[in-house]
Amino acid sequence: METPVYKFEPHDYDTVYEPSEDTFLLLDVLEEELDALKVRKPSMCIEIGPGSGVVLVALAKHLPVGQTHCLGFDINPNACRMTQKTGQLNGTPVEVVNMDLLAGLRSGCVDLLLFNPPYVPTQPAATGSLEEHIDEFHSSTEGQSLVHAWAGGAYGRVVTDRVLADLDRILSPDGLFYLLLLKENKPEEVLEHMKGKNFHGSIIKERRIRGEHLYVLRIERSKKEG
């Protein structure tokens, strides 16, 4: 699955997360999982925080047109515009909504969920609720908002834990969730926590890069026996 063409203007680097090793790890996973995803025939694919849009657009290019609706949710309006631009550059338009995480979704509608979250452990003052930073995103002229693309608060899990808490509500019965985490985010602890909420998952790929140990988790609902 090739990396889509994307184009950053000089000012974009201040406000939009540029594709990096974590982005390409998630792309590699989706390429390996692509045949299995096609068999599942997802009708709604959501990426939280698409940033440059390369992951969402790459997936949209390989899922059947008219069968899977690919949509990005990003609180950063500049990232929304960049994702749309990447889709246009690759002849694969995708829709993007400028909003915080998944609050606007109806229950049980997401068949495929992707999230490369802000995962770097930081002091609580560096993050907090995203709602507190909406005005900052809209008025940013000097890159103040870019920190929220990587700063993850305590254990790097402040934003991730909000999504995990909402997963039971928004994921369809056969839905899949691909989540990228750092070693410091305690991925095994995340899997154990979700097991207690009737989900099961596993680490399906990991990669060490320049002082970081990255993992991709695949999570879905536990199947009822009998």
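Start by selecting Y6: at 28% relative accessibility, Y6 counts as partly exposed (buried is under 20% relative accessible area, exposed over 50%, partly exposed in between, with a 1.4 Å probe and protein chains only). Bear in mind that this is a predicted model, where local features need pLDDT of at least 70, side-chain atom pairs count only at pLDDT 80 or more, and totals for chains, interfaces and linings use all residues. Residues are numbered from 1 along each chain as its sequence is written, and side-chain values use heavy atoms, leaving out hydrogens and water.

How do F8 and Y13 pair? Their aromatic pair is tilted, with 5.0 Å centre to centre and 40° between the planes (rings of Phe, Tyr and Trp, the last by its six-membered ring, pair if their centres lie within 6.5 Å; planes under 30 degrees apart are stacked, over 60 edge-to-face, the rest tilted). Y13 has 40% relative accessibility, so Y13 counts as partly exposed. Show Y6, F8 and Y13 together and you have one aromatic cluster. The structure holds 2 aromatic pairs. In the pair of Y6 and F8, the ring centres are 5.9 Å apart and the planes at 80°, so that pair is edge-to-face.

Now switch to cartoon for the sheet. There are 7 strands in an open, mixed sheet, ordered β3-β2-β1-β4-β5-β7-β6 (strands, E, of at least two residues and helices, H or I, of at least four are DSSP runs numbered from the N terminus; two strands pair if DSSP finds at least two bridges between them). Colour β3 (95-98) and β6 (199-209): these stand at the edges with a single partner strand each, so one side of each has no neighbour in the sheet.

Stay with β6, which runs antiparallel to β7 (residues 212-221) and is joined to that strand by 10 bridges. Pick H200 and you'll find E220 of β7 opposite. Then bring in helix α6 (residues 187-195), which lies across β5 (171-182), β6 and β7 and runs at about 170° to β6 (axes are lines fitted to C-alpha atoms, for helices over the stretch in contact, with angles from 0 to 180 degrees between N-to-C directions; contact means heavy atoms within 4.5 Å).

Last stop: R221, in strand β7. Is R221 buried or exposed? R221 counts as buried, at 17% relative accessibility. Its side chain reaches the backbone oxygen of L171 at 2.6 Å.

How values were computed: A polar contact is a pair of N or O atoms within 3.5 Å; within protein, one must be able to donate a hydrogen and the other to accept it, and residues adjacent in sequence count only if both atoms are side-chain atoms.
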